[in-house]
Amino acid sequence: MAQELKVMTFNIRFDNPDDGIHGWPYRKELVVETIMDERPDLLGTQECTAGQLLFLMEHLEGYRALLPQRPKDEDPMVQMPTIFYRVQSLRPVSFGEFWLSRTPDVYKSKDWGAAFPRLFTYGKFTHLGSETPFWFANTHLDHVSPMARLEAARMIRRWISRKKLPLILVGDFNENPDGPVHRILTEGPRPLLDAWRERARFCEEKEPSTIHHFTGVGKGGRIDWILVSPDILTLEVHLVKRREGLPSDHFPLMAMILLPERGNLARKSPRDGERR
């Protein structure tokens with residue numbers, strides 16, 4: 001039986017003391033409320049610092065964070081894209097991460113003129129009930145260097161090419177969908193599909209802005225994406241816009257998707273191992 005899943009990507013804006021009335025202490029409850037109102041099965045956050053991560057882990061009832069083992073880091077401002085999942089609907093099977101650099105196994109490594117170290121985190125999940133397996137990945141590409149975004153997209157493309165199960169990729173790509181990063185991920189062998197372009201609720205906003213700089217009015221382009229493998233059907237997608245309050249300088253992006261029936265998945269070869 002095919003299975004519906006709600007997926008959200010949400011750049012929560014890092015805990016910046018210069019944000020004044022939009023600082024984390026004034027909006028952290030609103031971030032939790034926004035997530036709990038939508039209640040996604042899977043959530044990918046970006047710009048989550050250590051303190052923010054702890055707050056979300058404590059207050060997102062019914063969710064757990066998928067956290068690979070990391071070196072101890074005393075920097076409270078280090079930002080990590082993080083995956084959260086609903087424990088009632090999903091079971092993690094395996095997970096990992098790598099840095100988007102020439103040395104992906106080196107903690108906080110960066111290359112190609114990137115302003116900050118950039119991370120790619122992923123998990124293999126099984127849907128409880130249907131037992132359908134699939135991959136979910138989350139990332140945040142550099143906002144300064146086009147070369148860093150391009151090389152990161154190529155690294156992600158290579159990772160995707162080794163997977164055969166249904167796959168969902170979310171994140172803040174810091175580039176509009178008419179740029180080279182989008183083309184790398186949505187063209188070529190086993191291309192991903194852009195959920196927004198597959199089925200958008202707001203037809204009059206063909207390419208809305210997902211960033212609004214704490215104004216509530218989109219300006220800067222659709223830089224947050226939900227991408228899915230061709231065996232996943234997008235049923236609905238929309239920006240999450242609250243009537244009151246601004247939980248972040250980005251609008252969360254939400255999609256309802258349909259995983260394929262388990263019986264339609266490719267048979268697993270013993271030699272394929274983890275790459276599925």
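Me: What makes the pair of histidine 140 and asparagine 174 a polar contact?

Reply: Their side chains approach to 3.4 Å. A polar contact is an N or O pair within 3.5 Å, one atom able to donate a hydrogen and the other to accept it; residues adjacent in sequence count only through side-chain atoms on both sides. The side chain of histidine 140 also makes a polar contact with that of aspartate 172, at 3.1 Å. The model is predicted, with pLDDT of at least 70 needed for local features and 80 or more for side-chain atom pairs, while totals for chains, interfaces and linings use all residues. Numbering starts from 1 along each chain as its sequence is written, and side-chain values use heavy atoms, without hydrogens or water.

Me: Why is histidine 140 called buried?

Reply: Because its relative accessibility is 7%, and buried means under 20% (exposed is over 50%, partly exposed in between; 1.4 Å probe, protein chains only). Histidine 140 sits in strand S7, residues 133–140.

Me: How do you know that the span of helix H3 agrees with its 16 residues?

Reply: The expected span is 1.5 Å times one less than the number of residues. For H3, residues 146–161, that gives 22 Å, and the end C-alpha atoms are 22 Å apart, so the two agree.

Me: What do the buried residues of H3 pack against?

Reply: Strands S5 (90–99), S6 (119–127), S7 and S8 (167–172), plus helix H4 (180–186). The buried residues of H3 include Leu150, Met155, Ile156, Trp159 and Ile160. Arg149, Glu151 and Arg157 of H3 are buried too.

Key
Helix = DSSP H or I, 4+ residues; strand = E, 2+ residues; numbered from the N terminus. Contact = heavy atoms within 4.5 Å.
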